[in-house]
Amino acid sequence: MAEYKGIMVYAELLNGKLAPITGELLGCGKRLADELKEEVTCVIIGSQLGQIPQDAIALGADKALIVDDPLFKDYQTEIYSAAMEKAIKETSPRIVLLGQTSAGRDLSPLLSFKLGTHVAMDCLDLKVNAETKLLEKTRSVYGGNARAIYTSELMPQMATVRQKAMSPLEPNASRKGQVMPLKVEIDASKIKAKLIETVKEEVAGIKLEDAAVIVSGGRGIGNPEGFKQLEVLAKLLKGAVGASRPPCDNGWMPETAQIGLTGKIVSPELYIAIAISGASQHLAESSGSKNIVAINKDSEANIFKEARFGVVGDWKQVLPAFTDKVKELVGG
Amino acid sequence: MEAALKIKDGKPDTKITILSLGTNLTRDVVKKPLAMGADELVLLEDPAFDGSDSWATATALAAAIKKIGNADLILCGRQAADWDAGQVGSGLSVLLGLPCVTLAKKIEITDNKAKVHRVIADGYQVIEVDLPALITVSNELGQPRYAALKGIMAAARKQPIVWKPADIGVEASQVGAAGSKSKVNKLFQPVKEGKCEIIGGETPVEAGANLALKLREAKLI
């Protein structure tokens with residue numbers, strides 16, 4: 001296995017820059033590379049990359065392997081997977097990391113089957129075993145109630161990483177690295193799945209997945225009007241409003257607001273849970289939140305086991321006072 | 001299933017075969033698609049399939065699809081997030097050498113192509129793919145329809161075709177736990193810190209205001 005060496009990170013782009021997940025993967029990749037005393041190679045696929053390879057180096061890459069070609073302007077499964085397959089075959093990395101994003105979820109299983117290796121999806125933690133040098137991949141299983149550590153002897157070792165599970169490095173513009181082109185020859189006439197167009201669906205306000213602050217309500221909110229009060233608080237804190245399953249099932253909130261195993265996975269800095277008891281399916285996907293604050297009248301509610309701060313009381317009385325004080329403090 | 005039925009609604013001569021893998025599959029559950037309108041049910045059912053990871057599952061399904069033969073379109077669910085994280089569909093496409101489109105919320109068939117709306121984070125991609133192809137279906141495509149009484153009666157008369165590894169030409173060692181490429185080394189429950197600081201006050205109103213002050217003190221707001 002001596003020929004497999006180094007960490008490869010698949011870079012994702014967003015609005016002409018590296019997406020946050022790429023910084024997180026590079027931060028994680030650099031940590032693993034330091035433990036192994038190996039290097040991080042970042043594969044960047046796109047068109048008119050400009051400064052992007054340097055940005056990847058500033059965030060921890062030692063090498064940037066780039067495909068800069070108009071054909072690769074937008075993500076397309078067939079040609080992107082062909083490019084990544086080539087990058088992996090030419091470089092023989094020990095570890096390949098991708099984000100648990102729409103592109104990462106699409107690419108990873110294709111690559112793992114093409115390469116005859118295993119990929120662990122949606123990992124929360126990654127470590128290298130000091131003895132075997134195999135990657136220990138921690139995933140959430142049983143609806144978030146348990147964690148499982150996976151290993152595989154097959155090379156390369158592949159994983160996708162949940163967004164915001166890892167910390168990026170502080171960008172260091174003076175870091176030096178090598179930028180190398182990756183030649184991928186694609187016969188455009190032979191592409192079987194062609195991208196016709198990309199349709200963006202605008203979401204009003206801040207997206208739950210991107211929000212630093214989420215104000216979330218549960219069954220106890222009782223009606224759609226109740227959620228209006230949550231919106232006021234969310235607006236003050238420049239955050240987004242979410243919900244557990246019952247409010248969405250009852251039509252008080254749209255399905256796109258649902259957080260939990262069947263909804264969205266979020267990891268904000270601050271998660272304010274109002275009248276949410278904390279069913280495990282909800283906690284499973286909100287427990288990535290850095291700080292949970294709970295308001296619930298039931299002092300035995302599960303959510304208090306996860307929360308950092310809490311108030312036991314009826315939200316209808318607690319929330320207006322809390323909101324007023326927040327308004328005073330943030331000067332809104 | 002709903003995606004297949006929608007295609008059949010437009011092209012009534014479409015033949016739908018349902019393929020499922022497992023052990024001790026409950027007949028009432030696996031026959032449900034027949035009641036909804038599928039033509040044929042094939043079960044890969046044998047203890048040898050036990051403990052299959054996505055690799056072993058895809059290997060068995062690919063062998064069965066080759067045996068069934070001539071499918072224009074292979075549809076897969078996006079799969080339970082838990083153990084497999086939706087790898088089987090993509091894996092199958094590699095093993096069968098077919099183009100793959102994941103997370104479809106809409107599928108239209110025209111001539112020898114499928115036009116697919118593929119869900120991405122901030123909208124969707126419109127993709128045109130040559131058939132035969134493999135498409136994984138997002139739950140946004142819609143809830144499966146209810147079975148009509150006529151369908152339920154018809155399904156009751158149909159028997160599933162049951163295949164064991166030998167029937168699809170794979171060795172028992174290629175499937176199930178033996179054919180899997182990963183292992184779970186450790187299973188544990190995350191430690192709950194349980195250090196919630198309860199903020200009090202004379203009244204709920206005071207507690208609410210105190211909470212805001214506490215969050216400011218902790219630099220959270």
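These legends walk through close-up views of a predicted model.

**View 1. The two domains of chain A.** Let's start with the overall division of chain A, which falls into domain 1 (7-190) and domain 2 (208-330). Taken over C-alpha atoms, the centres of domain 1 of chain A and domain 2 of chain A are separated by 33 Å.

**View 2. Helix 3 and helix 4 of chain A.** Here helix 3 (residues 77-91) of chain A packs against helix 4 (residues 102-115) of chain A at an angle of about 50°, and their axes are 10 Å apart. That angle makes helix 3 of chain A oblique to helix 4 of chain A. The crossing of these two helices is right-handed.

**View 3. Helix 5 and helix 9 of chain A.** In this view, helix 5 (residues 224-236) of chain A meets helix 9 (residues 315-330) of chain A at an angle of about 20°, with 10 Å between their axes. Angles under 35 degrees count as roughly parallel, and helix 5 of chain A and helix 9 of chain A are therefore roughly parallel to each other. Their crossing is left-handed. On the helix 5 side of chain A, the contact is made by A:G226, A:Q229, A:L230, A:V232, A:L233 and A:L236. Facing them from helix 9 of chain A are A:W315, A:L319, A:P320, A:F322, A:T323, A:V326, A:K327 and A:V330. This contact comprises 10 nonpolar, 3 polar and 1 charged residues.

**View 4. The two domains of chain B.** Chain B is split into domain 1 (2-179) and domain 2 (189-221). Between the C-alpha centres of domain 1 of chain B and domain 2 of chain B there are 49 Å.

**View 5. An open sheet in chain B.** Three strands of chain B form an open sheet in the order 1-2-8, with parallel pairing. Strand 1 (17-22) and strand 8 (161-163) of chain B are the edge strands, each pairing on one side only. From one strand to the next, the twist averages 20°. Strand 2 (residues 40-45) of chain B pairs with strand 8 of chain B over 3 bridges, in the parallel sense. For a handy landmark, look for B:V42, which stands opposite B:I161 in strand 8 of chain B.

**View 6. A helix across the sheet.** Helix 4 (residues 54-68) of chain B lies across strand 1, strand 2 and strand 8 of chain B. Helix 4 of chain B runs at about 150° to strand 1 of chain B.

Terms used. Residues numbered from 1 in each chain as written. Chains lettered and ligands numbered in written order. Predicted model: local features only at pLDDT ≥ 70, side-chain atom pairs only at ≥ 80, totals over all residues. Heavy atoms only, no water. Pairing = 2+ DSSP bridges. Helix = DSSP H or I, 4+ residues; strand = E, 2+ residues; numbered from the N terminus. Axes fitted to C-alpha atoms, helices over the stretch in contact; angles between N-to-C directions. Contact = heavy atoms within 4.5 Å. Domains from an automatic or database assignment. Parallel < 35°, antiparallel > 145°, perpendicular 65-115°, else oblique. Left-handed = near helix turned anticlockwise from the far one by under 90°. Nonpolar A, V, L, I, M, F, W, Y, C, P; charged D, E, K, R; others polar.
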